[in-house]
Amino acid sequence: MRDFKGKKMAVYLRRSKGESGTTSDQLEALESVITRLEKAGMKKVNRGIVGKDITKQRQGVLFEGPGMIFNEGDGVSGFNVAERPVFMELLKRLREGQYDGVIAVSMDRYARNYGALSRYA
């Protein structure tokens with residue numbers, strides 16, 4: 001694992017159509033990784049949610065607030081990057097320098113088509 005000391009990392013969650021589990025399950029799976037990286041010197045991740053409410057108590061997409069966990073939601077395809085508003089917001093904030101990188105449960109959470117993803121890098 002590379003050095004995350006002093007880095008400010010966001011977390012990205014997305015569950016594809018037809019996949020079992022939820023984005024809440026993804027966050028639970030990442031929690032030990034996030035905690036381990038924080039203990040190793042990564043800046044503390046604000047556990048607030050940006051995007052879709054992980055508890056599903058609120059409808060819509062919320063971009064305000066200090067959260068660093070970006071939840072695209074359940075049943076969202078990874079093929080069309082431009083149609084994912086939460087991911088596009090995260091990319092915008094990365095370009096602005098708000099984060100040093102992104103943590104996800106696997107690379108395919110970012111996109112299923114890496115060629116399409118490269119257009120947004």
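Student: Which residues is F70 in contact with, leaving aside its neighbours within four places in sequence?
Tutor: F70 is in contact with A10, V11, Y12, L13, V50, V86, E89, L90, R93 and Y99, where contact means heavy atoms within 4.5 Å. This is a predicted model, in which local features need pLDDT of at least 70, side-chain atom pairs count only at pLDDT 80 or more, and totals for chains, interfaces and linings use all residues. Residues are numbered from 1 along each chain as its sequence is written, and side-chain values use heavy atoms, with hydrogens and water left out.

Student: Which residues have the most contacts inside the largest nonpolar core?
Tutor: They are V11, L13, M42, V45, F70, L90 and I103, in a core of 25 residues. Such a core is a set of buried (under 20% relative accessible area, 1.4 Å probe, protein chains only) Ala, Val, Leu, Ile, Met, Phe, Trp, Tyr and Cys residues joined through side-chain atoms within 4.5 Å.

Student: Which strand gives the most to this core?
Tutor: β1 does, with five residues. Strands are DSSP runs of E, at least two residues, and helices are runs of H or I, at least four, numbered from the N terminus.

Student: Turning to N71, where is its place?
Tutor: N71 is in strand β3 and is buried, with a relative accessible area of 2%.

Student: What does the side chain of N71 join in a polar contact?
Tutor: The side chain of T23, at 2.9 Å. A polar contact is a pair of N or O atoms within 3.5 Å; within protein, one must be able to donate a hydrogen and the other to accept it, and residues adjacent in sequence count only if both atoms are side-chain atoms. A polar atom of the N71 side chain also lies 2.9 Å from the backbone oxygen of K52.

Methods. Buried means under 20% relative accessible area, exposed over 50%, partly exposed in between (1.4 Å probe, protein chains only).
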